[in-house]
Amino acid sequence: MVSPRDHNALYSCVSAAYGLSRAEVAAAVLLLIDFEADWAVLSERVINLPLLVATNIDQVAEGAIAAGLGVIRLDHPEMTISDRLTHAILEAVAAEWINPGSAVAAVYSSFDSESIDTISLIRLNERLGKLTARDLRMLDTKVPLETLKLVVDLAVEIGREGREGKPVGTMFVVGDHRKVLDESRPGGFDFVKGYPRRERSLADFRVREGIKEIAQLDGMFVVASDGTVEASCRIVDTAPVELTLTTGLGSRHFAAAAISKNTHAVSVTVSETNGTVRLFQNGEVILRIEPFTRAMKWKSFQAESTAD
């Protein structure tokens, strides 16, 4: 448990964040905190506006819940401040505490972990690079929502960040993995072969980070419905199908469309050119995500110019 050096700094920052929220018409004050506080005092600083508490400390969460505040539990304390803020905002949207197009005033520790010292105004349209559960419920698929969200979030991170400063293009095929393995062939050394299932689960932060490294290589990842990575570096080797795709899409996207047409899987591609993430089902693009502009479009798209 971290003990704060100065509660007054915390209360002053929350008061200032509330003033900023009123001035900028923000939807809530979001507090990232890893130590206990006087929740009654904090509540008095934020009037007629949600005060949301994001923490990875159980005792802090329980105290905030007892005070009637909205609480977001952060499961990975090793995440950066930026990732923790993004995760907290996504969960707040999913819980319908804030709307996707709104703004929040975030209060957190940026320089000193024992003291709250930073206030940021975050406009969600500029921040959201991942999907909420509600977005993915719009998809009619046999792949469990939790697994699909894990894969899409990982794909968006790869599209946004690349690896070591270089853009990365890759593909995931999720669900119906036995049929997908039958409809593909090895394209090189399989980096996940031989590992126990528990060490191939995308729910594990370390596995996701490892996948980001392997994603630089050719081939696709095959992911089972439970989120287990069944194979890496696979090449689509499925029967020819008639496809109608947007002009400019390259071989990776045609392979993704074809495997989704011939199986019950969902294909998720990351474009090396611009980081765009696309979901394919039954041979069609059903969702496109732009990691840099955070724009999402469904079903119908304009002509695009990518070559991978």
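In which strand is the place of Ser267, and what surrounds Ser267 there?

Modeller: This is a predicted model, in which local features need pLDDT of at least 70 and side-chain atom pairs count only at pLDDT 80 or more, while totals for chains, interfaces and linings use all residues. Residues are numbered from 1 along each chain as its sequence is written, and side-chain values use heavy atoms, with hydrogens and water left out.

Ser267 belongs to strand S10, which covers residues 266-270; strands (E, at least two residues) and helices (H or I, at least four) are DSSP runs, numbered from the N terminus. With a relative accessible area of 0%, Ser267 counts as buried, a word that stands for under 20%, whereas exposed stands for over 50% and partly exposed for what lies in between (1.4 Å probe, protein chains only).

Leaving aside residues up to four places away in sequence, Ser267 touches Phe172, Val173, Ala256, Ile259, Ser260, Arg278, Leu279 and Phe280, where contact means heavy atoms within 4.5 Å. Ala256, one of these residues, also has its backbone oxygen 2.9 Å from a polar atom of the Ser267 side chain.

Elsewhere, 5 strands form an open sheet of mixed pairing, in the order S3-S2-S1-S4-S5, and two strands pair if DSSP finds at least two bridges between them. Its edge strands, S3 (70-73) and S5 (118-123), each pair on one side only. Strand S4 (residues 103-108) runs antiparallel to S5, with 6 bridges between them, and Val107 has Ile119 in S5 as its bridge partner.

Terms used
Polar contact = N/O pair within 3.5 Å; in protein donor to acceptor, adjacent residues only side chain to side chain.
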